[in-house]
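Trainee: Could you show me how to read a sheet and the helices around it? I would like the general idea, then the case here.

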Amino acid sequence: MDYMKVYEEWLENPFFDEETKAELKAISGDEKEIKERFYAELEFGTAGLRGIIGAGINRMNKYVVARATQGLADYIISKGAQAKGVAIAYDCRNFSPEFADVAALTLAANGIKAYRFESLRPTPELSFAVRYLGCTAGINITASHNPPEYNGYKVYWEDGAQITPPNDTGIMDCVKAIRIEDAKTMDKEAAIAAGLYITIGKEVDDAYIAELKKVIIHQDAIDKFGKDIKVVYSPLHGTGNIPARRILAEIGFPNVYVVPEQELPDGNFPTVDYPNPEAKEAFALALKLAEEVDADLVLATDPDADRLGVYVKDAKSGEYICLTGNMSGSLLAEYELSQVAATRGIPEDAKLVKTIVTTNLVDQVAKAYGVEEEECLTGFKWIGRRILAYENEGRGTYLFGFEESYGCLIGTHARDKDAIVATMALCEAAAYYKSQGKTLWDAMIDMYEKYGYHIDAITTITMKGIEGIAKIGAIMEALRANTPSEIAGYKVLAVRDYQKDTITDLATGAVKPTGLPKSNVVYYELSDDAWLCARPSGTEPKIKFYYGVKGSSLEDGQQKSKEFEAKVQELIKSLE
């Protein structure tokens with residue numbers, strides 16, 4: 001693609017407004033910036049769109065959003081499913097409301113009803129709304145936990161999960177077939193008058209909250225101990241503030257302290273460099289408040305409230321301890337499965353679903369309660385797809401699903417990870433364990449003692465721009481071409497190459513299929529229940545190395561993990 005020619009076309013074409021042209025004129029002479037904006041179209045991938053906000057074909061802007069929505073509309077019409085409409089939600093990011101309106105009016109111009117939320121809402125509520133309203137699809141304007149300069153566009157299908165095959169490739173093909181100038185739109189007032197632009201809000205909110213309450217197991221413990229538990233919560237300037245506070249207040253947790261500096265929505269995220277509850281820095285203000293009020297647990301949701309970060313207080317030391325996504329997910333899995341077993345019994349066809357880069361600790365949890373565990377590719381949409389399969393097949397009772405990146409789902413009200421239900425469940429667990437004379441950290445240690453000290457971590461390498469994409473590709477090819485016999489002192493037992501759909505036993509040479517869709521992932525099964533997995537991020541210019549080890553104690557596991565990380569860094573440098 002001749003990026004300079006496309007740049008000049010945007011400057012000259014009367015289709016683009018003067019504000020867009022002024023932004024592009026401001027970078028005249030900056031060939032590198034022009035190339036970054038115009039060397040390729042912002043790819044509509046399996047997760048939709050995600051990119052830096054700005055003018056250009058490789059940026060998030062109203063023209064790119066309209067084109068994506070026109071492609072989605074064409075696909076919906078090709079399936080004869082336009083009568084059911086599309087739900088639209090958006091988060092706190094800059095231009096999110098505007099992009100949501102662009103999408104709604106493009107749908108309306110194609111004769112498809114758009115059910116647009118009146119104000120920002122969490123991702124899991126959009127997932128819920130698609131099924132609650134009986135829509136064909138859903139659109140969520142969000143860039144999740146990306147830095148402030150980003151925004152994004154996710155598409156959901158009628159089951160409430162993000163799009164998977166064959167719908168994802170079908171929609172992508174339709175988007176590729178559309179020129180930006182061909183996207184339709186119509187006047188907002190005309191769309192409202194025609195019944196094609198419908199504002200939604202309270203009714204869906206109330207129904208969503210009612211569904212969350214259905215998964216409560218120990219309301220009795222909440223009634224008795226909820227008032228004694230202090231919770232510090234931060235929505236990180238995002239969508240979680242109102243629903244998280246509402247559910248906790250309604251079920252019986254009156255002592256919730258919201259971080260005031262991070263309470264209100266703000267797409268610039270002024271108090272954090274990176275609005276991600278996985279980042280320790282994002283908790284600085286929350287932990288300060290926790291010390292002041294002597295909180296029992298500290299919670300933070302990311303901007304679209306599908307991920308939950310957690311710190312719990314160790315009553316013995318008085319310190320607040322960070323729970324990784326693997327730790328909090330495993331803790332919730334242990335709580336949910338143990339209490340389902342104790343109160344109503346585990347169904348014969350019970351299922352727990354995790355992603356391939358999620359801790360082996362939860363394997364032991366599932367096994368202990370007689371729950372069949374299934375693995376799927378990274379991305380919660382694959383967990384949502386398994387839930388749909390259980391429903392369609394008439395066999396399989398979904399109890400819990402999670403991925404290491406701070407996302408889980410309890411219940412089937414949504415088909416995406418839900419930080420609001422996780423917030424509720426974790427506070428319920430705190431009340432229950434308090435009734436047993438324990439803290440959440442005590443429960444975590446009990447679980448480690450029961451199943452082994454599995455310590456899991458991730459090393460992420462950022463490689464921006466065109467050169468970065470090439471480097472990431474080269475690293476993945478080098479891993480495929482040179483399988484090591486050992487990594488960090490652990491013997492390599494098997495290699496899973498999800499791109500080639502193979503699992504190779506290194507001792508016997510036997511090869512079998514992974515049983516999962518193809519994906520650019522290489523996974524090493526190691527001795528002593530250790531593992532290492534490499535995969536490029538699907539949403540950011542990064543390559544991620546996930547790994548896990550098992551120790552005889554917390555200290556032993558942490559030391560082994562530290563040593564493993566050093567070896568992983570050496571491996572990365574040798575591949576660059």
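This is a predicted model: local features need pLDDT of at least 70, side-chain atom pairs count only at pLDDT 80 or more; totals for chains, interfaces and linings use all residues.

Trainee: When do two strands pair, and in which sense do S12 and S13 pair?

Mentor: Two strands pair if DSSP finds at least two bridges between them. Strands (E, at least two residues) and helices (H or I, at least four) are DSSP runs, numbered from the N terminus. Strand S12 (residues 350-355) pairs with S13 in the parallel sense, over five bridges.

Trainee: In what order do the four strands lie in the sheet?

Mentor: The order is S13-S12-S14-S15, in an open sheet with mixed pairing. Strand S13 (372-376) and strand S15 (407-409) are the edge strands, each pairing on one side only. From one strand to the next, the twist averages 20 degrees.

Trainee: Which strands does helix H14 touch?

Mentor: Contact means heavy atoms within 4.5 Å. Helix H14 (residues 361-368) packs on the sheet and touches S12, S13 and strand S14 (397-403). Angles run from 0 to 180 degrees between N-to-C directions, with axes fitted to C-alpha atoms, for helices over the stretch in contact. The direction of H14 makes about 175 degrees with that of S12.

Trainee: And which strands does helix H15 touch?

Mentor: Helix H15 (residues 380-393) also packs on the sheet, touching S12, S13, S14 and S15.

Methods: Residues are numbered from 1 along each chain as its sequence is written. Side-chain values use heavy atoms; hydrogens and water are left out.
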